[in-house]
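Subject: Structure handover

Hello,

Here is the structure for you to look through.

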Amino acid sequence: LRIHTERKARIYYSNLIAEAKMSSWKVINELTGRTKKDENVVIRSGEDILFESKDIAKAFQNKFSSVVCRQSHDFTMEFLGEPLINSIMLHPVTESDVFQLINEMSISKATGSDKIPAKVWKENANIFAPVLTKLINDVLLNGVYPDVLKIASIKPIHKGGSKTDVNSYRGISLLPTINKIIEKILYDQIE
């Protein structure tokens, strides 16, 4: 009876996944009891108790932007010194370099503000590589990084303590996927 029940359960959940009614992780989470409950989110920010999504988002925005401003202020030009003109020589990259880096990307990483998953980049590497090579070489030649690639999605990650306290979260920046490729090229050349 146990074997028959297990076989039926396996068939049932396999069919759910196959019919795409549920993702495989949703099925696994359901089986392990890790399903998310529809909870009303309540966050405490200072003396205020926040219930509305807009108010909660604003509280996280204020917290994370204050951290960035504080860190930016601490990282002054006194520490960095004056920039040296032409102090580093970066060489152009080839399409094959970029193609290889695209194919080495992990598809398990979160997407950034561009919302383009690494899987899409990898599946279309032959289309993206020439365009991205031109962009990267322009960045290397001119020393100017496109503003649109500097935009990050900030996600709050619970770091411990009360889940209702805005101070119990830290922000992570999710940059566009393309940045991972450009950063790798810059890292390899500077190293």
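The notes below go from the overall layout to single residues.

This is a predicted model, in which local features need pLDDT of at least 70, side-chain atom pairs count only at pLDDT 80 or more, and totals for chains, interfaces and linings use all residues. Residues are numbered from 1 along each chain as its sequence is written, and side-chain values use heavy atoms, with hydrogens and water left out.

**Layout**

The protein has 8 helices and 4 strands. Helices here are DSSP runs of H or I with at least four residues, strands are runs of E with at least two, and both are numbered from the N terminus. Read from the N terminus, the order is α-α-β-β-α-α-α-α-α-β-β-α.

The protein has 191 residues, and 22% of them are buried. Buried means under 20% relative accessible area, exposed means over 50%, and partly exposed lies in between (1.4 Å probe, protein chains only). The exposed surface comes to about 14400 Å², with 57% of it supplied by carbon and sulfur atoms. Areas come from the Shrake-Rupley method with a 1.4 Å probe; for residues, only the protein chains shown count as cover.

Take contacts between residues at least 6 apart in sequence: 57% of them join residues at least 24 apart. A contact means heavy atoms within 4.5 Å.

**Salt bridges**

How many salt bridges does the structure hold? There are 4. The term means a side-chain nitrogen of Lys or Arg within 4 Å of a carboxyl oxygen of Asp or Glu.

One of them joins Asp165 and Arg44, with the closest N and O atoms 3.4 Å apart. This pair links distant parts of the chain, 121 residues apart: Asp165 is in the loop between strand E3 (153–158) and strand E4 (169–174), while Arg44 is in strand E1. Asp165 is buried, at 12% relative accessible area. Arg44 is partly exposed, at 33%.

Another pairs Lys134 with Asp138, at 3.1 Å from N to O. About one helical turn separates Lys134 and Asp138, because they are 4 residues apart in helix H7 (residues 125–142). Lys134 is exposed at 53% relative accessibility, and Asp138 is partly exposed at 30%.

Lys150 and Asp147 also form a salt bridge, at 3.2 Å from N to O. Asp147 is exposed, with 56% relative accessibility.

**A charged patch**

Which residues gather in a patch of negative charge on the surface? They are Glu47, Asp48, Glu52 and Asp55. Patch residues have over 30% relative accessible area and no salt bridge; like charges are joined within 9 Å, and nonpolar side chains (Val, Leu, Ile, Met, Phe, Trp, Tyr) within 5 Å. Asp and Glu count as negative, Lys and Arg as positive; His and the chain ends are not counted. A charge is placed at NZ of Lys, CZ of Arg, CG of Asp or CD of Glu.

Glu47 sits in the loop between strand E1 (43–45) and strand E2 (48–50). Glu47 is exposed, at 78% relative accessible area.

**Two more residues**

Gln189 lies in helix H8 (residues 177–190). Is Gln189 buried or exposed? Gln189 is buried, with 17% relative accessible area. Leaving out residues up to four places away in sequence, Gln189 touches Leu90, His91, Val93 and Leu140.

Lys115 is in the loop between helix H5 (95–104) and helix H6 (118–123). Its phi is near 60°, a positive value in a residue other than glycine. Lys115 is exposed, at 54% relative accessibility.

Best wishes
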